[in-house]
Amino acid sequence: METNGMARTVIIEGHGGPEVLKIADLPVGDPGPGEVRIAQKACGLNFIDVYQRSGLYKLDMPAAFGMEAAGIVEAVGAGVTHLEPGDRVAYASNPPGAYAEARVMPAAQVCRLPDGIGYETAAAAMLKGMTVDYLFNRTTPIAKGDWVLFHAAAGGVGLIACQWARSEGINLIATAGTDEKCRIALDHGASHAINYRTGDFAPKVREITGGRGVHVVMDSVGKDTFDGSLDALRPLGMMISFGAASGPVPPLNIMTLAAKGSLKITRPTVFTHIADHSTCQEMAGRLFSKILSGAVKIDIGQRFPLDKVADAHRALEARETTGSTVLTL
């Protein structure tokens, strides 16, 4: 394939279910100022892709798709100084378009990939791993010995978070929907695990923490876990709502935070944190260090070829996946 010619690229022409995902041959072209052209080796799958496809997050149509990939730099545009042709790279950033054999994109959030990290590992790790970095390092102070409640802990972000917490001496209480997924979270470093399908998790969290509750909740599930998450926090605790896998969180009466102990709440996105070039490179560097040291191992639970992208989305939405999912090229 001449990657400066045409490349297979996943597009959507309207919001909807997995069936709207189509593969088109699109021209790639040359990078302009501040851009880079990448021949891609693997693409990562994330819940933000589902949100964008379904219309929870609106895209202008038609839209290329995907937020995360790894590959080799083929060409750089004027003004790009941190990359050069032949570099191994990975990224998780806007604009969408990562589900592709090749693409041209802004270079600022593209990160040089250490030789010790493979392309599939990087494609599975970038968005989820930099998400875990901002959750633990850039949102609220979390000290060794603190208690964190993490929902959907057997997913791609969750398994990285379990290991990250263990490496930092943080007590992470995992929730998951099956006993098997709870076991996987424990195997990856969670201090405790709760099957949320067997009853309310908040009383169990309080029991584990001696009645005090956790310092921080990290919740990407949304509607189904939100109220219980607030009940699991100790006074002055921080609720980090960073996703909505079960649906959007309903409007909140802010006085609820006062009544439950002067709680704090934030709704961050990884893209705000990585918008600054140097911050993005620093965050990726911390992630790469965790992987290279062995503190964090990236669990790729599923692989799908690019032309099976709809099946990959169906599996993710059905919560049939564990760890990370990659699209192979």
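The following legends describe close-up views of a predicted model. Local features require pLDDT of at least 70 and side-chain atom pairs count only at pLDDT 80 or more, whereas totals for chains, interfaces and linings use all residues. Residues are numbered from 1 along each chain as its sequence is written, and side-chain values use heavy atoms, with hydrogens and water left out.

**View 1. An open sheet of 6 strands with parallel pairing.** The strand order is β11-β10-β9-β12-β13-β14; strands (E, at least two residues) and helices (H or I, at least four) are DSSP runs numbered from the N terminus, and two strands pair if DSSP finds at least two bridges between them. At the edges lie β11 (192–195) and β14 (264–266), each of which pairs on one side only. From one strand to the next, the twist averages 15 degrees.

**View 2. Pairing of β13 with β14.** Strand β13 (residues 233–241) runs parallel to β14, and the two share 3 bridges. I240 has T266 of β14 as its bridge partner.

**View 3. Helix α5 on the sheet.** Helix α5 (residues 201–208) touches β9 (147–150), β10 (171–176), β11, β12 (214–219) and β13, contact being heavy atoms within 4.5 Å. The directions of α5 and β11 make about 160 degrees, on a scale from 0 to 180 degrees between N-to-C directions of axes fitted to C-alpha atoms, for helices over the stretch in contact.

**View 4. Surroundings of Q109.** Q109 is located in the loop between β7 (102–106) and β8 (111–112). Q109 counts as buried because its relative accessibility is 12%, the cut-off being under 20% relative accessible area (1.4 Å probe, protein chains only). A polar atom of the Q109 side chain lies 3.0 Å from the backbone oxygen of I274. Beyond its neighbours within four places in sequence, Q109 has contacts that include A90, Y91, S93, I274 and H277.

How values were computed. Buried means under 20% relative accessible area, exposed over 50%, partly exposed in between (1.4 Å probe, protein chains only). A polar contact is a pair of N or O atoms within 3.5 Å; within protein, one must be able to donate a hydrogen and the other to accept it, and residues adjacent in sequence count only if both atoms are side-chain atoms.
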